[in-house]
Amino acid sequence: MKKIAIIGGGVAGLSAAIYALRSGAEVTLFEQFGLGGLVATIDKIENFPSYLSVEGWKLANDMSTQAKALGLKTIRQKVLSLTKSESDFVLVTDKDSYSFPAVVVATGTSHNKLGIEGNLVGRGVSYCATCDGAFFRGKPVAVVGGGRAAVSEATYLADICSIVYVVTAQNALTAEEKAVENLLAHNNVQLCRDTVVSEIIAAEGDVAGIRTFCDGQTSQLDVSAVFVATGAVPVTDFIHIDDVERSRGYLVVDGRCETTVKGLFAAGDVTSGSLKQIVTACADGAKAGSFAAAYSATVKQ
Ligand SMILES: Cc1cc2nc3c(=O)[nH]c(=O)nc-3n(C[C@H](O)[C@H](O)[C@H](O)COP(=O)(O)OP(=O)(O)OC[C@H]3O[C@@H](n4cnc5c(N)ncnc54)[C@H](O)[C@@H]3O)c2cc1C
């Protein structure tokens with residue numbers, strides 16, 4: 001019997017599930033929150049083939065509905081540790097322990113912190129504009145970061161906030177040209193290049209501004225919220241298997257999305273593959289799910 005576990009219910013994990021289920025495997029997916037992962041929090045997606053524009057929650061919902069219709073079993077638990085015994089992988093969650101002959105890791109990334117947030121997270125400091133932007137409708141806000149995520153977050157906020165300061169330590173925004181053009185077309189967006197945020201100022205326990213440092217000068221911007229979008233690190237700290245190769249923390253996989261440990265596959269943002277996008281996460285998931293299912297059939301139970 002083909003039997004696999006998938007850790008992470010974002011688009012990589014869901015795609016792995018769809019392919020493994022369709023190949024006849026019994027699939028158990030562990031997800032700590034709701035299905036959909038990061039995609040469920042994105043406002044609009046305009047580069048996923050077949051949609052001119054689609055809301056993130058819809059794409060996530062369609063994918064999880066498809067996986068569930070194929071018989072996906074979901075366990076809403078956080079995986080705390082993954083180890084390997086003689087023939088099986090052992091997953092320990094916050095509630096129980098499980099063993100599987102093959103596993104797909106699709107745990108994505110977690111956002112970097114500025115280190116100066118203090119206790120202001122949820123009091124004006126946020127890591128998700130789609131989740132929290134509406135609380136700051138009509139107010140001035142800052143987005144910290146200059147990459148794809150920062151541009152996407154700032155574009156979303158530009159439609160609902162009075163001013164959006166985009167503060168980046170780099171001298172240019174590094175997202176897709178079209179996305180940058182789209183952001184800068186908003187006349188309420190102000191780009192602060194070569195600028196570092198040195199302090200988040202609070203008043204009565206909520207964010208009231210930021211202190212920035214640029215060209216030897218310190219300035220203050222009065223904002224009601226700070227959206228941090230300064231990159232991410234792969235979520236692999238729960239993997240306690242020595243032979244798993246990593247590159248800058250990301251899991252290294254081969255053309256079948258198998259790691260350097262037999263039977264352990266990985267897909268999506270958690271891998272060292274380039275272009276961390278939905279379409280590539282889905283492609284990884286398809287490979288990881290198919291080959292993990294095929295591998296599990298070869299393991300004696
Ligand atoms: C602001 C922003 C905008 C973006 N816009 C676009 C876009 O327009 N187009 C595009 O193609 N891409 C976009 N991306 C990138 C895209 O969202 C990612 O490439 C994609 O979501 C990666 O999917 P994933 O399944 O690998 O990871 P994730 O979506 O991060 O899913 C990982 C899942 O694993 C779960 N998990 C983690 N650890 C555990 C654990 N220990 N136990 C159980 N569950 C766990 C998490 O809860 C999560 O649900 C954007 C990213 C950001 C940040």
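## Overall build and interior

Among contacts in the protein chain between residues at least 6 apart in sequence, 61% link residues at least 24 apart; two residues are in contact if their C-beta atoms, placed from the backbone, lie within 7 Å. The model is predicted: local features need pLDDT of at least 70, side-chain atom pairs count only at pLDDT 80 or more, and totals for chains, interfaces and linings use all residues. Residues are numbered from 1 along each chain as its sequence is written.

The protein chain contains six helices and 22 strands. Helices (H or I, at least four residues) and strands (E, at least two) are DSSP runs, numbered from the N terminus. The radius of gyration of the protein chain is 21 Å, close to the 19 Å that the globule rule gives for 301 residues, so the chain is as compact as a globular protein of that length. This radius is taken over C-alpha atoms, and the rule is 2.2 Å times the number of residues to the power 0.38.

The domain assignment, which is automatic or from a database, gives two parts, listed below.

| Domain | Residues |
|---|---|
| domain 1 | 3-110 + 232-298 |
| domain 2 | 113-228 |

The C-alpha centres of domain 1 and domain 2 are 31 Å apart.

Buried residues account for 43% of the 301 residues. A residue is buried if 20 or more other C-beta atoms lie within 10 Å of its own, exposed if 12 or fewer, and partly exposed in between, with C-beta atoms placed from the backbone. The largest nonpolar core has 54 residues, and those with the most contacts inside it are I4, A17, V103, V104 and F265. Such a core is a set of buried Ala, Val, Leu, Ile, Met, Phe, Trp, Tyr and Cys residues joined through C-beta atoms within 7 Å. Helix α1 (residues 11-22) gives the most to this core, with nine residues. Another core, of 35 residues, lies apart from it and includes A149, C161, L183 and L221.

Strands β13 (residues 163-167) and β14 (residues 189-192) pair in the parallel sense over four bridges; pairing requires that DSSP finds at least two bridges. V167 has C192 in β14 as its bridge partner.

T93 belongs to strand β7 (residues 89-93). With 18 C-beta neighbours inside 10 Å, T93 counts as partly exposed.
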